[in-house]
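Here's a quick briefing on strands and how they pair up. Have a look at the model first, then read on.

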Number of protein chains: 2
Amino acid sequence: MELNYRTSCSPLEDLGPASSYVDEIMAIIDRLPLFEDMTPHEVIALCQHMHCYGAPRGINLVREGDTGDYLMVILTGSVVVSKAEQCGAKVYATVGPGACLGEMSMIDGEPRFASCITARPTDFAVLSRNDLNRILVDFPRLGNKFLLLLLQMMTRRLRDASVRLLPHIVGTAI
Amino acid sequence: MELNYRTSCSPLEDLGPASSYVDEIMAIIDRLPLFEDMTPHEVIALCQHMHCYGAPRGINLVREGDTGDYLMVILTGSVVVSKAEQCGAKVYATVGPGACLGEMSMIDGEPRFASCITARPTDFAVLSRNDLNRILVDFPRLGNKFLLLLLQMMTRRLRDASVRLLPHIVGTAI
């Protein structure tokens with residue numbers, strides 16, 4: 001865990017390695033049934049590469065436009081996802097335990113798409129791109145399962161966004 | 001390649017294993033620079049799990065609502081992506097060489113989101129979920145790289161869809 005997360009958004013409580021939160025993370029992974037499920041042993045190995053933090057309400061965990069190469073899995077609490085607009089910030093969603101945030105910048109290296117602010121005291125696990133690369137080198141099969149979970153999550157979001165976008169597309173009728 | 005693709009959308013020309021099209025597939029992969037690049041050796045191994053077909057114009061390669069567990073990489077030609085609406089079909093996009101189609105159903109097992117019809121004579125490479133699972137078991141490091149490529153592509157699409165959706169979101173201002 002090379003990410004110096006503490007300095008980027010204090011005041012955070014360092015909750016230690018995610019291996020202390022295996023049960024909660026296992027419950028989240030169990031909700032994604034396709035492909036092979038992760039074994040408890042694999043979840044433990046995954047958690048050994050993640051680190052957990054706790055934040056009070058009102059903390060900006062991710063700032064739109066910032067660089068950042070880590071994702072967060074929400075364990076407890078609630079986070080508001082918003083984007084800056086001319087007349088303030090527009091709320092995209094409010095998410096809770098099991099939600100994954102920040103994975104787009106971890107994957108493509110582009111700036112953060114939206115801001116994420118805690119709405120309630122929130123515990124979360126962090127995985128950086130370096131952590132992911134280390135998993136892929138040391139545990140390639142576990143890496144593949146984790147990447148498939150990410151792909152399933154991205155697919156669900158893309159289907160949802162596309163359905164919501166459809167009425168607004170000025171497309172040619174054929 | 002267990003997929004009996006030929007029967008599902010004739011008339012297709014069977015172009016043989018994708019290993020005859022390594023250069024074209026390598027050029028497509030080279031456009032996605034993040035994470036580790038695939039070596040020529042790995043691209044050859046990937047191509048050995050894919051199969052190529054040629055279709056004349058006006059062929060429905062994927063039908064909205066159908067089940068289907070394979071993705072297609074367009075090598076040459078042009079494909080129109082559309083969704084059924086009350087007054088006909090609304091065109092989402094027209095895509096060409098390098099485009100990947102059908103990956104959402106391969107990943108999540110849900111029905112096809114849109115239809116894909118060739119606008120010009122089109123060659124494409126097919127990878128089924130069985131092919132992917134075989135790669136993940138036999139070549140886990142190659143599997144890592146392929147899944148990362150898919151993730152980068154999905155991320156780009158999700159960013160694009162989210163940007164287009166933003167003006168239409170009736171969100172709470174904060």
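How many bridges pair β4(A) with strand β5 (residues 88-95) of chain A, and in which sense? Seven, and the sense is antiparallel. A word on ground rules: this is a predicted model, where local features need pLDDT of at least 70, side-chain atom pairs count only at pLDDT 80 or more, and totals for chains, interfaces and linings use all residues. Residues are numbered from 1 along each chain as its sequence is written, chains are lettered from A and ligands numbered from 1 in the order in which they are written, and side-chain values use heavy atoms, with hydrogens and water left out.

**Strand β4 of chain A**
- Strands here are DSSP runs (E, at least two residues), numbered from the N terminus, and two of them pair if DSSP finds at least two bridges between them.
- β6 (residues 100-101) of chain A is joined to β4(A) by two antiparallel bridges, with M72(A) opposite L101(A).
- Because 13 of its 16 residues are buried, β4 (residues 70-85) of chain A is largely enclosed by the rest of the structure (buried means under 20% relative accessible area, with a 1.4 Å probe and protein chains only).

**The open sheet in chain B**
- Four strands line up as β3-β8-β5-β6 with antiparallel pairing.
- β3 (60-62) and β6 (88-95) of chain B sit at the edges, each pairing on one side only.
- Four bridges connect β5 (residues 79-85) and β8 (residues 115-118) of chain B, and V79(B) faces T118(B).

Methods: Buried means under 20% relative accessible area, exposed over 50%, partly exposed in between (1.4 Å probe, protein chains only).
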